[in-house]
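User: Hi! Could you walk me through this model? I'll ask as we go.

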Amino acid sequence: MTKRAYNFNAGPAALPLAVLERAQAQFVDFKETGMSIMEMSHRGKVYEEVHHEASSRLLGLLGNPKGYKVLFLQGGATTQFAMIPMNLLSEGKTAGYVKTGSWANKAIKEAKLLGSTFIAASSEEDKYMSIPDVSKLSLPENTAYLHLTSNETIEGTQFRQFPDTGGVPLIADMSSDILCRPFDLNQFGLVYAGAQKNLGPSGVTVVIAREELLQNSPAHLPTYFRYDTHAENDSLYNTPPSFGIYMVNEVLKWIEEQGALAGIEAKNQTKADLLYGTIDQSGGFYRGCANPKDRSIMNVTFRLGSEELEKQFIKQSEAEGFVGLKGHRSVGGLRASIYNAVPYESVKALTDFMADFQKQHG
Ligand SMILES: *Cc1c(COP(=O)(O)O)cnc(C)c1O
C-alpha cells in the first residue's frame, strides 16, 4: 500500500484518498474516450457533462436554493477580493467589511483600491483571536454589500452564526470552510472559495451567487472580470480549469458518500473535539490561540511554552511523518489544518504524538 503522510497542510491540502484513487483509475482513459479529461475539448459533450454535474451537485449539497448560480473561475479567492467590488460596488455606494484577520484584511485592501468601504465590525483589538459580535450591525442605507470571512485560516477563528443584514447582500469568503458543515445559502448574496482547501486542487475558484448579483456588471469592466460574462456562459466563456473542476466533482461525490454536509460536520466536530481536548487537558503545556467560543473546526492554532519548544515540536513531528504543523509565518506557533479530507486517524495520530511529546518535554 502507498504510504500517506499525516497531512495537516493549510492549502493546498489533503484530498480524500478515495478521490485520488478514482482519479488515478480514470486518468489515462476517461470513460473510454482514449483520452484524459485534461486532454479533451471543453466544448465537447464528455467534458460538459462533468462541468454541469459539478455545479448541480454543489447546489444539491446546499439544498438546491432557488435563484442561485455556480461559477467556476480562476485566479483564486484573491481575484474575488477585487472582482466583488469591481462588479458590485458602484459609485455612490459603500461596502462594509468585517475585519477578522489576515484574509479579511487582504479583501479590504483590494476593495479600498476600488471604492468606498467601512469597517462594520472588527476583532483587531483582540489581535484577531475572536469573532466580533455581528448581531447588531448598523449599515448605512447606501451599503452595497457586507463582506465577511467565515473562517480565518491563519488565526484559527470561525463564525458560528451569520448576521442578518436585512436587504443588504451578505458576501462570505468561505475558502477554508466551505462545505465543512451545513449552512443556509439563502442568507447570502454571494459566497466564494479557492478550491484547494476543502473542494479540490488549486486552480479552481468557486463562486455561488444569487442570479441578480451576476447581472449588473458596470459597462467599463473588461470581459473576464465581469460576473455576467461567466454567468451567461455557464463558466465556459473561455477555457475553464477543466481537470480541477472534474476533481471538484469527485470531491463533491465523496462528500455525498460521507452523509452529505450533516455527516461531514459530525466527523469534523469529532476531529476538532479530539484535538482541542488534547490542548485543553494538557495543563497549559499546549495553549489554544483562539477564544474558545470562536475556535475554528478547520484550522486549529496553538502554542507551546517557548519558540524553542515549538521548533522542537515541528522537527520531531516531521521526523514521525506529520506534515504542515508550522503556524503561518505571520503569526508563528503551530497550526493543524483539519479540513474535510483529513481522516480521523491522522488527528488521532497527532494527539498521540502530542501526548508523547508532552511526556518528554513537559
Ligand atoms: C487560502 C485563502 C485565500 C486565498 O486563496 P487563493 O486561492 O490563494 O487566492 C483567501 N481567503 C481565505 C480565507 C483563505 O483561506
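User: How much area do domain 1 and domain 2 bury between them?

Analyst: Domain 1 and domain 2 bury about 2,100 Å² between them, with 56% of it on carbon and sulfur atoms. Buried area here is the accessible area (1.4 Å probe) that two parts lose on being put together, summed over both. Met129, Ile154 and Cys180 supply 24% of what domain 1 buries against domain 2, more than any other three residues. Keep in mind that this is a predicted model: local features need pLDDT of at least 70, side-chain atom pairs count only at pLDDT 80 or more, and totals for chains, interfaces and linings use all residues. Residues are numbered from 1 along each chain as its sequence is written, and side-chain values use heavy atoms, leaving out hydrogens and water.

User: Where are the domain bounds?

Analyst: Domain 1 is 17–257 and domain 2 is 260–361; the bounds come from an automatic or database domain assignment.

User: Switching topic, what does UniProt list for Lys197?

Analyst: The unreviewed UniProt entry lists Lys197 as "modified residue: N6-(pyridoxal phosphate)lysine". UniProt positions are in the numbering used here, feature names are shortened, and annotations may be inferred rather than shown by experiment.

User: Is lysine 197 buried or exposed?

Analyst: Lysine 197 is buried, with a relative accessible area of 12%. Buried means under 20%, exposed over 50%, and partly exposed in between (1.4 Å probe, protein chains only).

User: And which residues does lysine 197 touch?

Analyst: Not counting residues up to four places away in sequence, lysine 197 touches Ala10, Gly11, Ala13, Thr153, Ser175, Ser176 and Tyr339, where contact means heavy atoms within 4.5 Å.
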